[in-house]
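Please keep the sequence and the structure in view while reading.

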Amino acid sequence: MIKIQLVDDEPNILNALKRLLRPHGWEIHAYDNVESALSGLLEHDYAVIISDYQMPTADGVTYLQFAKQRQPNAMRLVLSAYGDRNSMIKAINQAEVYRYLSKPWDDYEVVAAIKSAIDIYELKSENQRLLDEVNAQRRMIKAREQELLRLEKDNPGITRVQRDADGSVLIGDQ
């Protein structure tokens, strides 16, 4: 199941976001402080992490930088009432934020941004799974090649098969 982490110091914002996202079937974990959100990162693997930009104990970019180190594949979004250019640049450059959403938000925009982030997360996860599979196959092929080389060294000619014109295996010196 897709897990989404919400971090905002305002409980009414968290409740509004939970109401908005609940119908989509995602598992929503909402935190009203950075400290508990940090422990959530240790307990769960999130597809999407959405953080408020300005909170009392830490800014959202700093939190998302830590989240990036802990869960590099999670897609990170910033939600902020302060949409100045410098804060957006900081968020993008330092925490590799996928999207910057403004408060007040448009429901459709938030849901569309999260769906898009989930699609990218799932694509990255599938790519990693396929890469792991290819690497496992490469290791298996290398092990088989080494075994063939060992067999050939111990018994010269054992790995060479002689065939006749129709492809049948020839046994002996015929």
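## Helix 1 and helix 5

Helix 1 (residues 11–21) packs against helix 5 (residues 107–154) at an angle of about 70°, and their axes are 11 Å apart. Helix 1 is therefore roughly perpendicular to helix 5. Angles of 65 to 115 degrees count as roughly perpendicular, those under 35 as roughly parallel, those over 145 as roughly antiparallel, and the rest as oblique. The axes are lines fitted to C-alpha atoms, for helices over the stretch in contact, and the angles run from 0 to 180 degrees between N-to-C directions. Helices (H or I, at least four residues) and strands (E, at least two) are DSSP runs, numbered from the N terminus.

Helix 1 passes helix 5 in a right-handed crossing; a crossing is right-handed if the near helix is turned clockwise from the far one by less than a right angle, and left-handed if anticlockwise. Helix 1 contributes Leu17, Leu20 and Leu21 to the contact, and helix 5 contributes Asp107, Val110, Val111 and Ile114. Contact means heavy atoms within 4.5 Å.

## Basis of the model

The model is predicted: local features need pLDDT of at least 70, side-chain atom pairs count only at pLDDT 80 or more, and totals for chains, interfaces and linings use all residues. Residues are numbered from 1 along each chain as its sequence is written, and side-chain values use heavy atoms, with hydrogens and water left out.

## Helix 2 and helix 3

The axes of helix 2 (residues 34–43) and helix 3 (residues 60–70) come within 10 Å and cross at roughly 10°. These two helices are therefore roughly parallel to each other. Their crossing is right-handed. On helix 2 the contact involves Val34, Ala37, Leu38, Leu41 and Leu42, and on helix 3 it involves Tyr63, Phe66, Ala67 and Arg70.

## Asp52

Asp52 is found in strand 3 (residues 48–52). Asp52 is buried, with a relative accessible area of 4%; buried means under 20%, exposed over 50%, and partly exposed in between (1.4 Å probe, protein chains only). Leaving aside neighbours within four places in sequence, Asp52 is in contact with Val7, Asp8, Asp9, Gly60, Leu79, Ser80 and Lys103.

An unreviewed UniProt entry places the feature "modified residue: 4-aspartylphosphate" at Asp52. UniProt positions are given in the numbering used here, feature names are shortened, and annotations may be inferred rather than shown by experiment.
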